[in-house]
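Here is a quick tour of one chain, its partner and a single residue worth a look. Have the structure open as you read.

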Amino acid sequence: MSTSTRKPRAAFGKDAGLQARMLLTMFLLVVVYAVLVGVLIAVGVGGVTVLVIALALLALQLFTSDKIAMGTMGVKEVSPAEEPELHGIVERLCVQADLPKPRVCVMEHPMPNAFAMGRSQKSATVCATRGILQMLSPAELEGVMAHELTHVINRDVMVMTLASFFAMLASLIVQFGFLFGGGFGGGYGRNREAEEAIFVSIAVAALVYAVSFVLLRALSRYREFAADRGSAVLTGRPSALASALLKLSGTMERIPSRDLRTVEGMSAFFIVPARAKSSLMNLFADHPPLEQRLAALEHLESQLQGTA
Amino acid sequence: VGLLDALTGRHQVKGPAPDRVFAITTAYITLQSEYQIEPTGAAAIVFQALATSEFQATIKEMEEVVRATGSESGTQVATQDDSYGYRWMVMRNPPGTPSVEDLAVAVNAVSSSIETAGHGERLLCAVFAFADRRAGGGPAGTSSSSSAVYFIYNYKRGSWYPFVPAPGSGSGGQSGERSTERELQLKAQLGSELPMEPELERWFPLWGIPI
């Protein structure tokens, strides 16, 4: 009997480039945010108060956004008896990924879509719409659920919420800076200096908001690539996910996922005008273009086949 | 997942934990002698079959290895895919001579050749089938002859857990009720002999087990 002389080979290589880009983006975000916090501290007590209020809002958001999203979108938790196939897919992937089982939900909506919610692995929820359950084959659905579970593994809700915190703070200052004017200036006797301080902090906040917005979109796209990759690694079937993406692209331009909804949930708290956001959304999409995702999956498949 | 891994979204699928498959070869003696739970002479190993020529070659070699090691004991091997796309390699003892040791050796031969080929992270679990012959094991009306009891080994965690489908349900491959009470009794009965999965939420059911 011939024993294998074949050399063990990692099925998938590492994607150092993606990780480097992600770290660079985060580094730039930290730099931009540091400037903002520096300015806030420089303008004094008022700025710090704004920071504290925003932190409280952040905590509130982290603990309630998934419940609010579930409540407003008509997402229902389903039992294994109701959706045996979906539960079976998620359970096997959880064994494979060594994850505790998240709550499994279905949204009764014909639009094919899936997303993950929750700030930690223990409190995670994965959700699929009725549309996607009907449209995809089991292997394709497995690819999509593995993509969502990778978001859970990578704690993407937490990462994106924290990463966008100061951007939210900046937009808060831009929109309500004049209301905080009294605070910024230190009270009653408005003088030229105080008004300048308000003007400077609003200008800096606007700049921070603009720059961080572009960076956040980039970060979100990188995390989508990472989730595609994680799905391929988890299932060992990159082409099944590619096939799912192709099917979905027929009915929609991209799979809206959790982070879009998180932004929407956030706007409920931060009262960011939805109009400004959605017009920018077209310019700076939070999901990478389909062709790029397909190309990345194709590369993974050729790595797997050993032809890369 | 470390902090840097979480920040960069880098995620590797975990390889198998230190192998504790052979724990079943001592635990089953207690099952048999004290609780009248008999091995049925069948076991299976479940994994993701990669659609690559290299992995197919590995599977072929592995079947040959299992046949070779099983030729003296007469262990039969058969493969089938389930509806979720996972490959089941089913090992059966010759009729009338169930041997958990032979099955564990065969399961171990499969898992180690998958690991040797560098695909250890594709292993999902191993399943050993038993039959509960206690009279009155099920509710009145069901055949009291025997009911199925499975012990599932999770490769990622290196731990075991019992899986008992409630009598008369879930046999057709679709999910049904599981007898959680019986599973917890088994945990208490075997806890000192099998490395049991401590987190109950990781006791994932497997419906439609073909053994």
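Start with Glu201(B) and Lys122(A): their side chains form a salt bridge, with 3.8 Å from N to O. Keep in mind that this is a predicted model, so the distance is a computed one.

On the chain B side, at least two residues each come from helix H1 (3–8), helix H3 (53–70) and strand S4 (123–132). H3(B) gives the largest share of the side that touches chain A, with 7 residues. Sort that side of chain B by residue type and you get 18 nonpolar, 15 polar and 13 charged.

## The interface as a whole

How many residues of chain B are in contact with chain A? There are 46 of them, and they meet 45 residues of chain A. Put together, the two chains bury about 4000 Å² between them. Carbon and sulfur atoms account for 53% of that buried area.

## Chain B on its own

Chain B has 5 helices and 6 strands. Reading from the N terminus, the order is α-α-β-α-β-β-α-β-β-β-α.

The chain is 211 residues long, and 52% of them count as buried. Its accessible surface is about 8700 Å², with 52% belonging to carbon and sulfur atoms. Now take the contacts within chain B between residues at least 6 apart in sequence: 67% of these join residues at least 24 apart.

## A closer look at Arg92(B)

Where does Arg92(B) sit? You'll find Arg92(B) in strand S3 of chain B, which covers residues 86–92. Is Arg92(B) buried, partly exposed or exposed? Its relative accessible area is 39%, so Arg92(B) counts as partly exposed, given that buried means under 20% and exposed means over 50%.

Once you set aside neighbours within four places in sequence, Arg92(B) is in contact with Gly41(B), Ala42(B), Gly74(B), Thr75(B), Gln76(B), Leu103(B), Pro210(B) and Ile211(B). With Pro210(B) there is a specific atom to look for: the Arg92(B) side chain reaches the backbone oxygen of Pro210(B) at 3.4 Å. If you'd like a C-alpha distance to check as well, Arg92(B) and Ala78(B) are 14 residues apart along the chain, and their C-alpha atoms are 8.5 Å apart.

Terms used:
Residues are numbered from 1 along each chain as its sequence is written. Chains are lettered from A and ligands numbered from 1 in the order in which they are written. This is a predicted model: local features need pLDDT of at least 70, side-chain atom pairs count only at pLDDT 80 or more; totals for chains, interfaces and linings use all residues. Side-chain values use heavy atoms; hydrogens and water are left out. Helices (H or I, at least four residues) and strands (E, at least two) are DSSP runs, numbered from the N terminus. Buried means under 20% relative accessible area, exposed over 50%, partly exposed in between (1.4 Å probe, protein chains only). Contact means heavy atoms within 4.5 Å. Accessible areas come from the Shrake-Rupley method with a 1.4 Å probe; for residues, only the protein chains shown count as cover. Buried area is the accessible area (1.4 Å probe) that two parts lose on being put together, summed over both. A salt bridge is a side-chain nitrogen of Lys or Arg within 4 Å of a carboxyl oxygen of Asp or Glu. Ala, Val, Leu, Ile, Met, Phe, Trp, Tyr, Cys and Pro count as nonpolar, Asp, Glu, Lys and Arg as charged, and the others, Gly among them, as polar. A polar contact is a pair of N or O atoms within 3.5 Å; within protein, one must be able to donate a hydrogen and the other to accept it, and residues adjacent in sequence count only if both atoms are side-chain atoms.
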